[in-house]
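Please read the points below with the model open beside you. They go through the sheets and the helices in turn.

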Amino acid sequence: MSKRTAALLSAAGVIVFLLAWEGLGRSGIVPQRLLPSPSAVPATFIAEIKNGQWQAMVLASLSHYLSGLALGSFLGIAVGTAAALWPRFNAFQAGIVRMLRPIPAIAWIPFAIIWFGVSEASAAFLIALTVFWINYFAAYAAVASVDKDLIELGHAFGQGALIPRLFKIILPGALPGIFAGLRAGLGQGWMTVVAAELFGIPGVGMRMMEASGLLATHIVVLYMITIAVLYGISDFLFVRVQSRVLAWQR
Amino acid sequence: MAAVIALKGVSIGYGADAPPVLAGLDLEVERGSFVAIVGPSGVGKSTLLRVVAGLHRQRAGTVVLNASERPQHRPFGLVFQDPRLLPWRRVERNVQLGLEGLPVGRAERQERARTALKLVRLEEYGTRWPYELSGGQRQRVGIARALAVDPDILLMDEPFGALDAITRRGLQDELKRIHRETGKTTLFVTHDIEEAVFLADRVLLLSGTPARVAQDLDTRNGTSAENVERIRAGLAGDYEI
């Protein structure tokens with residue numbers, strides 16, 4: 001199958017899906033209240049843009065997302081790298097990790113709200129937590145599997161001290177694995193954004209909660225699509241950056 | 001002539017309790033000479049090279065490198081059996097690796113990398129990624145990287161062992177030319193006796209458990225077929241399949 005056929009088939013699938021959905025609504029089999037038809041979404045979008053809700057909510061969500069993502073990714077990579085680098089630190093933190101790791105980030109919501117209130121910081125904290133673990137494990141595995149021969153090479157050519165070893169050998173060698181973690185965090189982060197905001201922190205999730213309370217399901221659908229599109233864009237941009245940075249890979 | 005490398009009573013082993021693989025080795029390598037070390041696999045010849053390079057600690061004995069005191073060079077350049085290039089660096093940046101951290105400016109680093117690449121006839125390949133090169137070319141980049149630090153000593157660990165016969169032959173000629181042009185003291189490990197006799201002025205055969213110097217031949221003018229046979233017999237006697 002050629003690339004073009006595959007793309008055409010994929011587009012056809014989406015169209016059939018939307019038509020079936022629309023038909024289900026129009027035929028009256030499913031009441032409009034329960035399943036808004038896709039044709040209602042563009043009008044809803046324009047209305048939400050006009051009253052300024054869409055921009056405000058997307059901006060708020062993006063801001064939680066980016067700050068949580070940056071914090072969680074950085075700390076995850078830093079701690080994961082340190083654990084893979086120093087056996088003593090690894091042993092020290094292993095028990096703590098085993099204790100905290102199984103707790104899903106959204107289980108921290110009560111504490112997030114007690115500590116930070118229903119605020120931006122709360123949402124960022126929860127996102128950071130989700131993203132932390134993904135990046136922690138990805139960085140740990142990536143750093144631990146850096147070719148020992150390359151580290152020996154570094155020693156033979158005067159790059160054996162911690163700083164050159166870390167920045168010239170270990171981190172570049174671990175970069176593909178670290179990028180895989182960042183990318184997975186990018187996706188999981190969006191899920192946590194919505195989950196956190198469902199509890200009333202302003203953003204896309206909160207707006208969805210409000211709308212569902214009023215049975216304005218067309219608004220709910222609009223924001224579901226918004227999330228899908230925002231994730232699609234962030235993943236696309238990430239892959240662009242990644243393929244540039246990792247151009248040395250075959 | 002002063003010995004550039006002086007080993008005295010060197011013993012090598014792995015792990016604390018295992019018996020040594022190599023014991024009581026004395027070796028002096030004169031400046032500018034090309035010394036080959038041959039021996040069956042497992043005899044500790046690669047480890048010996050790593051001991052000289054300070055990458056493996058000997059169990060006993062002393063290792064002295066009489067490298068000159070020049071701040072802009074490293075005492076030795078090491079060539080591994082695999083090319084061992086950093087895949088995320090272009091060829092020229094790979095060659096510059098050992099110069100980083102030395103008091104050498106960026107422009108001079110680039111210039112020295114270019115000169116070293118010229119010496120291995122790869123001056124056109126500086127901006128390539130390692131994956132774009134053939135196995136033989138990668139190994140030549142490894143040699144250029146070792147030469148770029150302008151070392152007193154070139155340490156080579158079966159550098160042509162993984163190459164096909166034709167490429168190997170070509171690189172042996174190149175190495176002979178490079179040694180003639182640069183006069184670098186070279187310690188070369190191989191299990192190929194013909195290669196050793198072709199390249200080196202002096203061939204040492206390590207054998208036995210623990211290994212010792214079983215033969216020490218002057219091969220400046222080649223050597224007799226009889227000697228080659230004797231060494232080959234020494235190698236074969238110790239070989240395990």
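1. Two strands pair if DSSP finds at least two bridges between them. Strands (E, at least two residues) and helices (H or I, at least four) are DSSP runs, numbered from the N terminus. By that rule B:G77 has B:L154, in strand 6 of chain B, as its bridge partner.

2. The model is predicted: local features need pLDDT of at least 70, side-chain atom pairs count only at pLDDT 80 or more, and totals for chains, interfaces and linings use all residues. Residues are numbered from 1 along each chain as its sequence is written, while chains are lettered from A and ligands numbered from 1 in the order in which they are written.

3. Chain B has an open sheet of six strands in the order 5-6-7-3-8-9, with mixed pairing. Strand 5 (76–79) and strand 9 (212–218) of chain B each have a single partner strand, so one side of each is left without a neighbour in the sheet. On average, neighbouring strands here are turned by 15° against each other, direction ignored; axes are lines fitted to C-alpha atoms, for helices over the stretch in contact, and angles run from 0 to 180 degrees between N-to-C directions. Four bridges link strand 5 of chain B to strand 6 (residues 153–157) of chain B in the parallel sense.

4. Which strands of this sheet does helix 4 of chain B touch? Helix 4 of chain B packs on strand 5 and strand 6 of chain B, and its direction makes about 170° with that of strand 5 of chain B. Contact here means that the C-beta atoms of two residues, placed from the backbone, lie within 7 Å.

5. Helix 4 (residues 135–148) and helix 5 (residues 165–182) of chain B have axes that come within 11 Å and cross at roughly 20°. That makes helix 4 of chain B roughly parallel to helix 5 of chain B (under 35 degrees is roughly parallel, over 145 roughly antiparallel, 65 to 115 roughly perpendicular, the rest oblique). Residues making the contact include B:G135 and B:L147 of helix 4 of chain B and B:L171 of helix 5 of chain B.

6. Another open sheet of chain B has three strands in the order 2-1-4, with antiparallel pairing. Its edge strands are strand 2 (22–30) and strand 4 (60–65) of chain B, each pairing on one side only. Strand 1 (residues 3–12) of chain B is joined to strand 4 of chain B by five bridges, and B:I5 stands opposite B:L65.
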